[in-house]
Amino acid sequence: MNPPVTPEDTMSSTVITNIATLVTNDPSLGDGSPLGLVRDAAVVIEGDRIAWTGESSKAPATDNRVDAGGRAVIPGFVDSHSHLVFAGDRTEEFNARMSGRAYSAGGIRTTVAATRAATDAELEANLTHYLAEALRQGTTTFETKSGYGLTVADEARALRIAATHTDEVTYLGAHIVSPDYAEDPAAYVALVTGEMLDACAPHARWVDVFCEKGAFDGDQARAILTAGKAKGLLPRIHANQLTYGPGVQLAVELDAASADHCTHLTDADVDALANGNTVATLLPGAEFSTRAQWPDARRLLDAGVTVALSTDCNPGSSFTSSVPFCIALAVRDMGMTPDEAVWAATAGGARALRRDDVGRLSPGARADLAVLDAPSHVHLAYRPGVPLVTQVWRRGVREV
C-alpha cells in the first residue's frame with residue numbers, strides 16, 4: 001500500500017534566475033550591506049516560501065525555471081499605513097488646496113458622510129480596486145484602517161470588510177471626533193473606548209489614534225490606546241504630522257509598533273525613537289499632496305531610528321497607492337539614499353508591522369517579490385513616475 005500523499009510531496013519548486021541585482025534585505029547574504037545585494041543572482045521558491053538565494057551559477061535544480069532577463073528583483077513592498085475602506089473622493093478639496101487653501105484635519109468629515117451612505121458592496125469594490133492598483137505597483141503586504149464611519153456599526157463593518165483582504169487591520173475609530181459628538185468630545189472618547197471598541201476589536205490587530213490639533217490630544221490618545229491594548233490590540237499612532245505634539249513620546253512610552261508621519265519632531269522626540277522599539281513611518285505622499293514641510297528622514301536615520309516608508313493612501317491627503325512614487329519623493333526631498341528608501345519600503349514596513357516573514361528575500365521568508373524592468377533597485381528613484389514593476393509574485397504565485 002502506498003503512503004498517503006502529503007502537501008510537501010506535491011509542492012513544486014521554481015527558480016528565478018538571471019537576476020542582475022537581488023535585494024534580499026539580509027546582510028548575511030551577498031555584499032553584506034543592509035540590502036544584502038546579490039549580483040547575477042537566483043532565488044528558489046518552494047510553495048509559498050523562499051527556499052534559497054544566491055548566485056545563479058550555484059542555484060539548485062528545481063521543477064520550474066523563470067528567466068528574469070537581467071532585471072532586478074526586490075522584496076514586495078510592505079505598505080504599513082493606508083486608509084482604503086472609504087467611499088467618494090475629495091477632488092474639490094484637493095483643487096482648492098492646490099489653489100491656496102491650507103490643509104486641516106476637518107476634511108475627513110466629507111469622506112465620513114460618503115462612507116456612511118455607501119453599501120458594503122460599494123466599500124468592498126472600492127477597496128479591491130485600490131488593492132489591485134497597489135499590487136500592480138509591487139505592494140504585496142498592506143495595512144489598512146477604519147476611521148471613515150465613526151459609528152459603532154460603520155466602524156465594525158469597515159473592519160470586517162478589510163479583514164477579508166489582509167491580516168493587518170487597524171481600528172481607527174479615533175480618526176477625528178465624530179460630527180455627531182462635535183459638542184461633546186469626551187462622550188465620543190467614551191464610545192471609542194467602550195461600545196465601539198467592543199464591536200471592533202474582534203476584527204482588528206491594531207488600534208490607532210490621530211493625535212493632533214483638531215483631532216485628539218495626548219490625554220485622549222493615551223486613553224484610547226490603553227483601552228485598545230486592554231482588548232488585545234497593538235498600538236500605533238498618527239503623530240506629529242501638522243504640529244509639534246505629544247504623539248511620538250506617547251508612542252514610545254506605550255511601545256507602539258509605529259509612530260506615523262513624524263514631520264515635526266523635537267530633539268527629545270528623535271532621542272525617544274532612537275532609544276525605543278517604535279518605528280518612524282514616513283508618509284511623503286501626504287506632504288506632496290498638502291504642500292507641507294517634508295519629514296527629515298536624514299535626521300532620524302543618523303540618530304539610529306528605524307524608518308519605514310508608506311503611502312498613507314487615502315482620499316484626502318495622500319491619494320496615491322504607489323510605493324515607488326514615495327521612494328522617489330523620499331530620495332529627492334527627505335535626504336534618504338536609494339538603498340535606504342528601498343529598505344524602508346520593504347524591511348522597514350515589515351518592522352512597522354512587527355513582521356519578520358515579509359520584507360526580505362532570504363530562506364524562510366514568504367515568497368513575495370517584485371521584478372523591475374531595470375537592472376537595479378536604484379532605478380525606482382532614478383526613473384520617477386515610470387512603471388518599472390513588471391512582475392509581482394505573492395506567496396510563491398505570480399499575480400502580475
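Tyr148 is buried, at 3% relative accessibility (buried means under 20% relative accessible area, exposed over 50%, partly exposed in between, with a 1.4 Å probe and protein chains only). This is a predicted model: local features need pLDDT of at least 70, side-chain atom pairs count only at pLDDT 80 or more, and totals for chains, interfaces and linings use all residues. Residues are numbered from 1 along each chain as its sequence is written, and side-chain values use heavy atoms, with hydrogens and water left out.

**Aromatic rings**

- Seven aromatic pairs are counted (rings of Phe, Tyr and Trp, the last by its six-membered ring, pair if their centres lie within 6.5 Å; planes under 30 degrees apart count as stacked, over 60 as edge-to-face and the rest as tilted).
- Phe86 and Tyr148 form an edge-to-face pair, because their ring centres are 6.4 Å apart and their planes are at 75°.
- Phe86 is buried too, at 0% relative accessibility.
- Phe86, Tyr148, Tyr130 and Phe319 make up one aromatic cluster.

**Nonpolar cores**

- The largest nonpolar core has 90 residues, and Tyr171, Phe216, Ile237, Leu300, Leu309 and Ile327 touch the most other members (a nonpolar core is a set of buried Ala, Val, Leu, Ile, Met, Phe, Trp, Tyr and Cys residues joined through side-chain atoms within 4.5 Å).
- Apart from this core lies another of 16 residues, including Ile16 and Trp393.

**Ser33**

- Ser33 is buried, with a relative accessible area of 17%.
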